[in-house]
Amino acid sequence: MSAIHNMPGHLIRRLNQISVAIFTERLAELGLDLTPVQFAVLSTLAESEGLGQAALAGAVAYDKVTIGGVLDRMEQKGLVARRVSPRDRRARELSLTDQGAALLAEARPAVTALQAEILAGLDTAERQTFLALLKKATEAGNALSRAPLKL
C-alpha cells in the first residue's frame, strides 16, 4: 500500500469522491437531476431567502465566481429566481421558486438517508466521533480555504 493511503488529504479526497458518487446515484435513482452544490444552494435559500450571491457563496463555502455559474444553471432550470433588491437597486436577491422548493422537498429525505451510507464502515458511536473531529478540523482550517464558510 502506498504512503498516500495514510495521508489525510488523500483520504478526504477519496471520501469526497465516494460521497458525490453515492449522492449522484441515489438521486438519479429517484429521477432527480441535482448536484451536491445545488442541494446546498436550495437548502440555504430555503432557510435564508433573499441572500445576495456573495452571502450565498459564503454560506455554502463556494467561491463567488463559481457560484454564479451554478446559479445561472439553476435559474435556467427554474429552481431559483433573482430579483432586484428593494434596498439596493444594484444588488440581486435570490429566492427559491416553487419548482426549487418542490425539488428540495423531494430530495431532502434521500439526501438525509444517504448520509449513513457515506459512513457505512462506521458504527453509530464512530460516526458521531468522526463527524465531531471532521467538523473541528474543518473549522480550524476554514480561513485557509479559497472559499471560507461565512455564517
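**Briefing on the predicted model**

Ala-137 is found in helix α6, which spans residues 124-141. The model is predicted. Ala-137 has a relative accessible area of 52%, so this residue counts as exposed. Ser-43, in contrast, counts as buried because its relative accessibility is 13%.

**Ala-137 and Ser-43**
- Ser-43 sits in helix α2, made up of residues 36-47.
- In sequence, Ala-137 and Ser-43 are 94 residues apart; in space, their C-alpha atoms are 23 Å apart.
- Beyond neighbours within four places in sequence, Ser-43 is in contact with Leu-104 and Arg-108.

**Thr-44**
- Helix α2 also holds Thr-44.
- A relative accessible area of 15% is under the 20% cut-off, so Thr-44 is buried.
- The Thr-44 side chain reaches the backbone oxygen of Ala-40 at a distance of 2.8 Å.
- With neighbours within four places in sequence left aside, Thr-44 is in contact with Leu-51, Leu-56, Ala-59 and Val-60.

**The largest nonpolar core**
- This core has 30 residues. Those with the most contacts inside the core are Leu-27, Val-41, Leu-42, Leu-45, Leu-56, Ile-67 and Val-80.
- Two or more core residues come from each of α1, α2, α3 (53-60), α4 (64-76), β2 (92-96) and α5.
- Helix α5 gives the largest share of the core, with seven residues.
- Val-41 is in contact with Leu-56, Val-60, Ile-67, Val-70, Leu-71, Met-74 and Val-80, again leaving aside neighbours within four places in sequence.

**The largest pocket**
- The volume of the largest pocket is about 1800 Å³.
- The lining of this pocket consists of 37 residues. Nearest the pocket centre lie Asn-16, Ser-19, Gln-115, Leu-134 and Thr-138.
- Helices α1 (8-29), α2, α5 (98-118) and α6 each supply at least two lining residues.
- The largest share of the lining, ten residues, belongs to α6.
- Sorted by class, the lining has 26 nonpolar residues, eight polar residues and three charged residues.

- Helix α6 holds Ala-137 and provides ten residues of the pocket lining.

Conventions
Residues are numbered from 1 along each chain as its sequence is written. This is a predicted model: local features need pLDDT of at least 70, side-chain atom pairs count only at pLDDT 80 or more; totals for chains, interfaces and linings use all residues. Side-chain values use heavy atoms; hydrogens and water are left out. Helices (H or I, at least four residues) and strands (E, at least two) are DSSP runs, numbered from the N terminus. Buried means under 20% relative accessible area, exposed over 50%, partly exposed in between (1.4 Å probe, protein chains only). Contact means heavy atoms within 4.5 Å. On a 1 Å grid over the protein atoms alone, a cavity is a set of points where a 1.4 Å probe fits but cannot get out, and a pocket is an open set with protein on both sides within 12 Å along at least five of seven lines; lining residues have an atom within 4 Å of a point. Grid points are joined across faces, edges and corners, and a volume is the space filled by probe spheres set on the points. Ala, Val, Leu, Ile, Met, Phe, Trp, Tyr, Cys and Pro count as nonpolar, Asp, Glu, Lys and Arg as charged, and the others, Gly among them, as polar. A nonpolar core is a set of buried Ala, Val, Leu, Ile, Met, Phe, Trp, Tyr and Cys residues joined through side-chain atoms within 4.5 Å. A polar contact is a pair of N or O atoms within 3.5 Å; within protein, one must be able to donate a hydrogen and the other to accept it, and residues adjacent in sequence count only if both atoms are side-chain atoms.
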